[in-house]
Amino acid sequence: MYKKERRIVLRKALSLLCTFALTAGLFITNGAVPAMANEVKAFKPISFETGTEGFTGRGNVTAEQSKEAAHEGENSLYVTGRTSAWNGATINVTDYIVPNTEYEFSIWVYVPEAASETTFQISTQIDVKDSPSYKQLTGADSKKTVKPGEWIKLTGSYTYEAFDVAQIYIETDENGKEASFYIDDANLISKSAIEAKVEELTPLKDIYKDLFLIGNAGEVSLFEKDTNTNKLLSRHFNAVTAENSMKPDGQQKEKGKFNFGPADSLVKSVKANGMTMIGHTLVWHQQSPAWMNTDVTREEAIENLKTHIKEVVTHYGSDITAWDVVNEAFDDSVTNPSNWRGALRNTPWKQAIGDDYLEIAFTAAREANPDIKLYYNDYNLDNVNKREAVYYMAKEFIEKGIPIDGIGMQGHYSLTTSVTNVRNSVKRFAELGLEISVTELDITVNEAQGNAELTEAQELAQAQKYAQLFQIYREYSDSVARVTFWGLTDGSSWRGDRFPQLFTKYFQAKKAYYAVADPDKFLEENPVQEVQKTNKIAKATHGTAVIGGDESAWDAADTIDVNNYAMAWEGAKGTAKVLWDEENLYILFKVTDADLNASSPNAYEQDSIEVFIDENNGKTPYYEEDDGQFRVGYNELVSYGSNGTPKVGEVKSAVIVGDGGYTVQVQIPFQTIKAKKGTIIGFDLQVNDANQNGVRVSISKWNDLTDYSFMNTEGFGRLLLF
Ligand code: XIL
């Protein structure tokens, strides 16, 4: 009793002392009170590879190391013999915790396939003077239902105040009180240790101060004093874009009722902190009220557009240095970019006004303020056709004297973004003499996967891509005015589930930070492995097949192996045979894949085959008119890439699912060539392999080992029509 009482007093004293020591710049190393560094131990992640690693059973249960299941590695902890909901596994974390600091605890949980779905909760027992209290850790993921046969991660946070003993444990709800389960990979992280680290990093805005602004996006909460958010923002960024408040529905949801309040507070804080304020956005098809442009005449719509622009631009005046006047006005798949009007997205503004709504908007913005920069802003501007359409529009505006100062390349990129395409686009826009800003930069590492964690390989690949992009921005710094990241951390980003930012949700710098801070050094130390380019050639035999008919039609054709892996995991593979006649290619594709799944909403994540065709064998870093991507799922779903369905002829397919795999027959019409003996076309084949959760885990290819075949034909192999 006495001992415990002393301990709680000591802990309180220690935390006070530490605060004092830090503020006063003192370092305590001796005396009756041990230094904090010795007192609070660093928590080592637990993997159960060496034993129970500090975990014990809670209640009268068995908790032992097991090889029956493992999240990673070979072992986990198996908990069995439970009779109450609170029975489970527990770890004493007393020695790892500083009071009044927020901690996050995470752990993976599994119930065997034969068992029932079970709901788990992470909780904590806090003992003060022998009197225990029980609290659930907070956060949406601290309680989760686990399906049999699936590892699920639980994460919860807690801030301890006074305690003698603190334990964290896993329990179930009442229904699951007898469930046996496995746990693995537990970790406890303090958020304040992380905070200190933020302050050691070189500010990005200083590194790039002579080249361009470094911005971020958010609202006035970015400026809440003494928060990690504010510290990180002030340290690295000198420009801020309103993430939502200045969008049409934020400014004038109801006709004539302007709501400037939230954005005004943002502007005030931005100015008070000596940063540059960016306005986003005046004209868009999303986050905009329908009254502006739906069920109104052209004249009314023009009136609404002009009034909105005039009022909003005038209100902020020159506190805003640049406005994204029009946002995302172009279609994603553009076939004839020089006719840029034909490439416009069919938005309510376009429907109400016509394709001159853009020039009306830019002109109105200039009238409202002659001194600010006016931007056209869009995503996918690394896509050559979309970029060209925007280029032609801007060129025409410049020639006609329609005011436009800049192109905003949003830059919502991913690991498959081609940096060559980005470079070409920056170069192309620079040719117009306009300024370029990267307005919404992020790089996602995968498709949204609720429970996924950022792997080291993904973190590295992401950082390499950031480094390559910053090399380009630096190279074109005469044209690049600003690079704005869309979100501060993986916690606050709109695409946070795909880890797109430079900092973790705990404000820790990821590899991507170091890549941006010094791209050359980063790439020197972490060179991008050039995917080895093979240039295989295969033969297609002359002949015609009936789709759904006898496979023997392909008997005379050579076998092409589709067994080179473009991702780390080596899953399903296949073989193909190809016939050709004057109108079509006929492909017989056999896939070995015992475990078929089409539960993902993305066709490319379903078990499927793909055929890539580059009829002129042009090997371009983008798709031309003659290029096509054709996908057939084992479930007979046919889908196409960015060039859409063929304009000539018809794609026909037939699928047979058998033991251990499936066979696809597919007929693909030629689009731009009249096939003849001796013709060589660019060609590739791919097998997509989904796991049981509907996530694509493996891609096998014939020739092109990149995952860019859907947008870049450079890596395709060759097919000789023989
Ligand atoms: C996003 C915001 O980040 C989210 O908070 C909001 O819910 C939706 O809009 N392109 C744009 C931005 O131009 O305005 C979008 O911002 C992201 C895509």
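1. Start with two helices: α8 passes α10 in a right-handed crossing, meaning that the near helix is turned clockwise from the far one by less than a right angle. Keep in mind that this is a predicted model, where local features need pLDDT of at least 70 and side-chain atom pairs count only at pLDDT 80 or more, while totals for chains, interfaces and linings use all residues. Residues are numbered from 1 along each chain as its sequence is written, and side-chain values use heavy atoms, with hydrogens and water left out.

2. Helix α8 covers residues 298-316 and helix α10 residues 357-368; they pack at about 30 degrees, with axes 9 Å apart. The axes are lines fitted to C-alpha atoms over the stretch in contact, and angles run from 0 to 180 degrees between N-to-C directions. Helices here are DSSP runs (H or I, at least four residues), and strands are too (E, at least two), numbered from the N terminus.

3. Who touches whom? On the α8 side, look for Ile302, Leu305 and Ile309, among others, and on the α10 side for residues including Tyr357, Ile360 and Ala364. Contact means heavy atoms within 4.5 Å. The contact residues split into 10 nonpolar, one polar and two charged.

4. Now the ligand. Among the 13 residues around the ligand, Glu243, Lys247, His280, Glu440 and Trp486 come nearest; to count as near, a residue needs a heavy atom within 4 Å.

5. Check the polar contacts (N or O pairs within 3.5 Å). For Glu328, a ligand nitrogen atom is 3.1 Å from a side-chain N or O atom.

6. Have a look at the backbone, too. His280 and Thr281 are joined by a cis peptide bond, with omega about 0 degrees, and Thr281 sits in strand β14 (residues 276-283).

Methods
Polar contact = N/O pair within 3.5 Å; in protein donor to acceptor, adjacent residues only side chain to side chain. Nonpolar A, V, L, I, M, F, W, Y, C, P; charged D, E, K, R; others polar.
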